[in-house]
Amino acid sequence: MASRYWVVSLPVQPGATASSLWSRLQESISRHSFDTPLYRFNVPDLRVGTLDSLLALSDDLVKVGFAALPFPFDPSSVFVEGVSHKIRRQIEELERAGGIESGALTVDGVPVDTYLTRFVWDEGRYPTMSPLKEIVGSIQSQVAKIEDDMKVRAAEYNNVRSQLSAINRKQSGSLAIRDLSDLVKPEDMVTSEHLVTLLAIVPKYSQKDWLSSYESLDTFVVPRSSKKLYEDNEYALYTVTLFAKVVDNFKVRSREKGFQVRDFEYSPEAQESRKQEMEKLLQEQEAMRTSLLQW
């Protein structure tokens, strides 16, 4: 279960120091809840400016999607938190796709709890000499760029996934629409000057009807030439050999009986090309998944 933290800001009264206030807080909490750990969240002295500029900045934060709180920069702001959740979900999805067991996410390579309880202001990235408005603008710009970069990278990755999904649907969907090349062998097809083999999609519960009627759909059908190649939950795939000159008429008569004749041309070259395309896309998907996860 994730830890829950309260971030408390206390005013330093005249004549007191931040260190003395911290000591008083520790003593007070320990008297009432001795097992509650306290951590000092060290925020440097920032160039707040005038009260008017501070209020104006608070209004600006609402416009750009940050939460409006008395303290102008809130790490759990709506905008930053929203992008953080998008990144988290993307990481979890990429890990699942790669068969990786999801681990605890880190901030700059350290656990979130450690980052919070030992927080150190990044002076190099956010100079405290800069006005507070500039620091907030810098954070907003960086987070916006991260979000845009992730959108572009994720779109490229999802495009490859979509291509693979489309190929998989063609290879594993219904016989009425799927690619048939991996179900048909060279010996299943007869092609000569006068004869041609067609592939018929027959409803699963109409197979007896097909076997008893296909020879009578045209007088130029080769008797006993139909052979079942494959069957799924809805349809069965049959071959039938006939004279090329009656193909169109046979298709019409088949359709009238509720049978679908699929256009198909057996091509080992095309089948090999599709196989290579599939392998290339799989390699590309894994490379992009790894790259996006590392990013």
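Student: How are helix 3 and helix 5 oriented to each other?
Tutor: Under 35 degrees counts as roughly parallel, over 145 as roughly antiparallel, 65 to 115 as roughly perpendicular and the rest as oblique. Here the axes of helix 3 and helix 5 cross at roughly 30° and come within 10 Å, so the two are roughly parallel. Axes are lines fitted to C-alpha atoms, for helices over the stretch in contact, with angles from 0 to 180 degrees between N-to-C directions. Helices (H or I, at least four residues) and strands (E, at least two) are DSSP runs, numbered from the N terminus.

Tutor: A word on the source: this is a predicted model, where local features need pLDDT of at least 70 and side-chain atom pairs count only at pLDDT 80 or more, while totals for chains, interfaces and linings use all residues. Residues are numbered from 1 along each chain as its sequence is written, and side-chain values use heavy atoms, with hydrogens and water left out.

Student: Which residues of helix 3 meet helix 5?
Tutor: Contact means heavy atoms within 4.5 Å. In general, an α-helix has 3.6 residues a turn, so residues three or four places apart point the same way. In helix 3, the residues that meet helix 5 include Val83, Ile87, Gln90 and Leu94; on the helix 5 side, Val143, Met150 and Tyr157 are among them.

Student: And which residues of helix 8 are buried?
Tutor: Buried is under 20% relative accessible area, exposed over 50%, partly exposed in between (1.4 Å probe, protein chains only). In helix 8 the buried ones are Met278, Leu281, Arg289 and Leu292, and their cover includes helix 3 and helix 5.

Student: What is the strand order in the sheet?
Tutor: Strands pair if DSSP finds at least two bridges between them. This open sheet of 4 strands runs 4-5-3-6, with antiparallel pairing. Strand 4 and strand 6 are at the edges with a single partner strand each, so one side of each lacks a neighbour in the sheet. On average, neighbouring strands are turned by 35° against each other, direction ignored.

Student: How many bridges join strand 3 to strand 5?
Tutor: There are 9, and the two run antiparallel. Leucine 195 sits opposite phenylalanine 243 of strand 5. Helix 7 packs on the sheet, touching strand 3, strand 5 and strand 6.

Student: What do strand 4 and strand 5 form?
Tutor: A hairpin, with 3 residues between them. These strands are joined by 4 bridges, and lysine 228 stands opposite tyrosine 238 in strand 5.
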